[in-house]
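Me: I have a new structure to look at and would like a short walk through it. Could we start with how the chains meet?

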Amino acid sequence: MSKIISVGISEHKVASDPVVLVTYGLGSCVGIALYDPEVRIGGLAHTLLPAPVREVQGAERTAKFTCWAVDLMVEELLKCGCAPERLVAKLAGGATMFEPQYRSAHGGIGERNVAAAREALERSGIPLVAEDTGGDYGRSLEFNTATGIIMVRALQQPIKQL
Amino acid sequence: MKFDALTEEHLDALREVSNIGVAHAATALSQLIGRSISLTVPKVLLTEICKVPEVFGGAEKLVVGIYLQMLGDARGNILIVLPRDSALKLLSRLLPREKSEGTLLTELEISALKEVGNILASAYLNALGALMGKTLIPSVPVLSFDMVGAVIDYALIELGEIGDLALMVETDFFGEEEKINGQFFLLPDPESLKIILNAIGVKL
């Protein structure tokens, strides 16, 4: 049985083989996984918002914001011995949990989170190799750093592998 | 105002006004289902956003979440969380016996639960508004039946833009004869918190 490390909202964790990084109940939040298959080291972030709307005073940089999450994980992964050219990314989450009448208030926050994650990955030059985003249901992720495979569980949905 | 600037006195005042609000909400719900509903004294929780799912019993717990915005002179979010069993028991009291199988809710069931949310929130906001001398109205309710983590992250978005703390006024309500329970949360936005505290005469 592999060790399990839980990643909460606004958090990111980096771990090497054999660890399962888990995050539960992603709604409009996005789970971003980065992985170096050669050294079997991965990172998982659970981000809440695409980017800060204004200067956040005195705030520590956390994975609350998608744009920071990618940078933070890349920094740590490189320190752990990952090579930037080997990193690949997987995305899950970004659902619309409530009916559209509320979407305009936040401009479809789930979609914006996914878009921000794709942009951040592109900026970092990390290829997005698998994705399970959108829909109207929550997701839980289990990212096994031994294999790089992510199991996506959701209510009333078959288990998916990314 | 910043949530971390709140004193014990502020939190007490908030607890007191919520007490009156939820008492009205519980009475309204009792009348709706024809059974008495009791409630606990509200707790005021100041929690880091990342810890909020724990308050609800863990991110994967299956719940019905009914979400409304507080509109009018003060703004914020209202979230009513019903564990799955309680939601189904409530429905059996509200609707003719035609229980849905599995984990899906029918359109009629969704509509009935939204109405429950509407009645609870309206009663709460009427009482709070009367106390403040302000007008507070709920928006149209929306509903989601899913993992609690996924249901609540929506309510945290606006708070997340401003800071890392969520202020939650939590009340548990429960039926005396049968186990119907749920939680009622008010998440005021920081600006509106100032309006609420000012209106009830608390020094800031």
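Me: How many residue pairs are in polar contact between chain B and chain A?
Reply: This is a predicted model. Between chain B and chain A, eight residue pairs are in polar contact, both residues being at pLDDT 80 or more.

Me: Which parts of chain B supply the side that touches chain A?
Reply: Strand E3 (62-72), strand E6 (142-147) and helix H5 (148-162) of chain B each contribute at least two residues to that side. H5(B) gives the largest share, 11 residues.

Me: And what kinds of residues are on that side of chain B?
Reply: The side of chain B that touches chain A has 20 nonpolar, eight polar and seven charged residues.

Me: How many residues are in contact, and how much area is buried?
Reply: In chain B, 35 residues are in contact with 30 residues of chain A. The two chains bury about 2800 Å² between them, and carbon and sulfur atoms give 60% of that area. Of the area that chain B buries against chain A, 22% is supplied by B:Tyr154, B:Ile157 and B:Glu161, more than by any other three residues.

Me: How many salt bridges cross that interface?
Reply: The rule finds one across the interface of chain B and chain A. B:Glu60 forms a salt bridge with A:Arg153, and their closest N and O atoms are 3.2 Å apart.

Me: What is the count over all chains?
Reply: Over all chains, the structure holds nine salt bridges. One within chain A joins the side chains of A:Asp36 and A:Arg86, at 2.8 Å from N to O. A:Asp36 lies in strand E4 of chain A and A:Arg86 in the loop between H1 and strand E6 (88-93) of chain A, so this pair ties together parts 50 residues apart in sequence.

Me: Changing topic: in what order do the strands of the open sheet in chain A run?
Reply: The five strands of this open sheet follow the order E2-E5-E4-E6-E7, with mixed pairing. At the edges are strand E2 (12-16) and strand E7 (128-133) of chain A, each pairing on one side only. From one strand to the next, the twist averages 15°.

Me: Are E4 and E5 of chain A parallel or antiparallel?
Reply: Strand E4 (residues 30-36) and strand E5 (residues 41-47) of chain A pair in the antiparallel sense over seven bridges. For A:Tyr35, the bridge partner in E5(A) is A:Gly42.

Me: Which strands does helix H1 of chain A lie across?
Reply: Helix H1 (residues 66-79) of chain A lies across E2, E4 and E5 of chain A, and runs at about 160° to E5(A).

Key
Residues are numbered from 1 along each chain as its sequence is written. Chains are lettered from A and ligands numbered from 1 in the order in which they are written. This is a predicted model: local features need pLDDT of at least 70, side-chain atom pairs count only at pLDDT 80 or more; totals for chains, interfaces and linings use all residues. Side-chain values use heavy atoms; hydrogens and water are left out. Two strands pair if DSSP finds at least two bridges between them. Helices (H or I, at least four residues) and strands (E, at least two) are DSSP runs, numbered from the N terminus. Axes are lines fitted to C-alpha atoms, for helices over the stretch in contact, and angles run from 0 to 180 degrees between N-to-C directions. Contact means heavy atoms within 4.5 Å. Buried area is the accessible area (1.4 Å probe) that two parts lose on being put together, summed over both. A salt bridge is a side-chain nitrogen of Lys or Arg within 4 Å of a carboxyl oxygen of Asp or Glu. A polar contact is a pair of N or O atoms within 3.5 Å; within protein, one must be able to donate a hydrogen and the other to accept it, and residues adjacent in sequence count only if both atoms are side-chain atoms. Ala, Val, Leu, Ile, Met, Phe, Trp, Tyr, Cys and Pro count as nonpolar, Asp, Glu, Lys and Arg as charged, and the others, Gly among them, as polar.
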